[in-house]
Amino acid sequence: MSKKCHKTSIGGQALIEGIMMRGPKDAATAIRLPNGEIEIEHHEEKRLQDRYAVARWPVVRGVVGFFESLKFGYRYLDLSAEKSLDDDGTVYEEEPSKLDRWMEDHLTEKVIDALMILAVILGVGLAVVLFVWLPAFLVDIFDKYVTHDFLELHNLHPLLEGILKIGILIAYMAGVRRMNDIKRVFMYHGAEHKTIACFENGLELTVENVRKQSRFHPRCGTSFTIVMLLISILFSTILVLVFPGIGTIRWLWVLIKILIIPLIMGFGYEFIRYAGRHDNVLATVLSKPGLWMQRITTIEPKDEMIECGIAAFQAVLPEDPEEAEIK
């Protein structure tokens, strides 16, 4: 029997042999153990949005949510890796190294959390190199030796840089998709999307119903990334037009683009939030690039993967589904 349709705020993340779903109150992981069973665990997340009003402000909430997703997402990936290792379905624990024992004996949980945040910062730094510095450097070389400052004179640097960023992202994702382990993660990604779509379409959460849904969803991390790249092109173009010549000082130009990343994140989040709540022409058209990219980052899942998606979703779904609607 069909139910009322809900545009839900519940979102998820594909894991190694499992899926995480984040609800309005907590998060849950459903991981397929090597013995075939699904292990479901609830996880309390101390989110800044629950403690500080400023973290719920438009635009700001997108920045806060992004970094919290990285922090918690790393933990869930690490958990799923551990759970999927042992042949008999129990958590496999390697003999700890000297470094591991030293960290256990000398480091508190807060220090370990700080190290995890540092790892995230380093990852973000690598992303800045690939998607901020490298495109600007390559466009400079191209404009100097091929187009002879034509791009600079016509303020076309931001456009070409944006195209390069998208090209780098597509090439990277298409490359890692060929790895067997990543391919299975992308299949779980598809199961996550299909499960959410099934609920939002008012259907009972069964494997058969979920299987029929689209694996593409506008409220997705892939779409968020593409939207951020498109917004960065728009913002960079506006800056070049308002402040002519600002792009000629390359170190300053790169620094400015780094400084506006939080603003781009915030606007990108608000768009994804809008697209998740509306089915109008504007949302549909602007969501297309992200949905096209999901043809790479999602793969049709197997039924046992869909079962994980359903289990995780039901674990975080409130008794009153309206509590999980996008506000």
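The following legends describe close-up views of a predicted model of one protein chain.

**Figure 1. Overview of the protein chain.**
The predicted chain contains 13 helices and 4 strands. Of its 327 residues, 43% are buried. Among contacts with a separation of 6 or more, 69% are made by residues 24 or more positions apart. The chain exposes about 18,100 Å², and carbon and sulfur atoms supply 63% of this area.

**Figure 2**
Strand β1 (residues 11-15) and strand β2 (residues 18-22) run antiparallel and are joined by 5 bridges. Strand β1 is largely enclosed by the rest of the structure, because 4 of its 5 residues are buried. In a regular strand, the side chains alternate between the two faces of the sheet.

V59 is placed in the loop between α1 (48-51) and α2. Although V59 is not a glycine, its phi is positive, at about 75 degrees. The relative accessible area of V59 is 22%, so the residue is partly exposed; the cut-off for a buried residue is under 20%. R61 belongs to helix α2 (residues 60-83). With a relative accessibility of 16%, R61 counts as buried. Leaving aside residues up to four places away in sequence, R61 touches Q49, A55, R56, Y269, E270 and R273.

**Figure 3. A nonpolar surface patch.**
Ten side chains may be located here by name: L126, V129, L130, W133, F137, L138, I141, F142, Y145 and V146 make a nonpolar surface patch of about 910 Å². F137 is found in helix α4, whereas V146 lies in the loop between α4 (109-145) and α5 (150-153). F137 has a relative accessibility of 38% and therefore counts as partly exposed. Between F137 and R250 there are 113 residues of separation in sequence, yet their C-alpha atoms are 8.4 Å apart in space. An α-helix has 3.6 residues a turn, so residues three or four places apart point the same way.

**Figure 4. Helix α7 and the glycine that follows.**
Helix α7 (residues 180-200) has 21 residues, which should span 30 Å at 1.5 Å a residue. The C-alpha atoms at its ends are 31 Å apart, in agreement with that expectation. Helix α7 is mostly covered, with 16 of its 21 residues buried. Just after the helix, G202 takes a positive phi of about 80 degrees.

**Figure 5. Helix α13 and the elements that cover it.**
Helix α13 (residues 303-316) consists of 14 residues. From its first C-alpha to its last, α13 reaches 21 Å, close to the 20 Å expected at 1.5 Å a residue. Which residues of α13 are buried? They are M305, I306, C308, G309, I310, A311, A312, F313, A315 and V316. Helix α13 is thus mostly covered, with 10 of its 14 residues buried. The cover over these buried residues includes the strands β2, β3 (27-32) and β4 (38-43), together with α7 and α8 (207-211).

How values were computed:
Residues are numbered from 1 along each chain as its sequence is written. This is a predicted model: local features need pLDDT of at least 70, side-chain atom pairs count only at pLDDT 80 or more; totals for chains, interfaces and linings use all residues. Side-chain values use heavy atoms; hydrogens and water are left out. The expected span of a helix is 1.5 Å times one less than its number of residues. Buried means under 20% relative accessible area, exposed over 50%, partly exposed in between (1.4 Å probe, protein chains only). Patches are made of residues with over 30% relative accessible area and no salt bridge: like charges are joined within 9 Å, nonpolar side chains (Val, Leu, Ile, Met, Phe, Trp, Tyr) within 5 Å. Accessible areas come from the Shrake-Rupley method with a 1.4 Å probe; for residues, only the protein chains shown count as cover. A salt bridge is a side-chain nitrogen of Lys or Arg within 4 Å of a carboxyl oxygen of Asp or Glu. Two strands pair if DSSP finds at least two bridges between them. Contact means heavy atoms within 4.5 Å.
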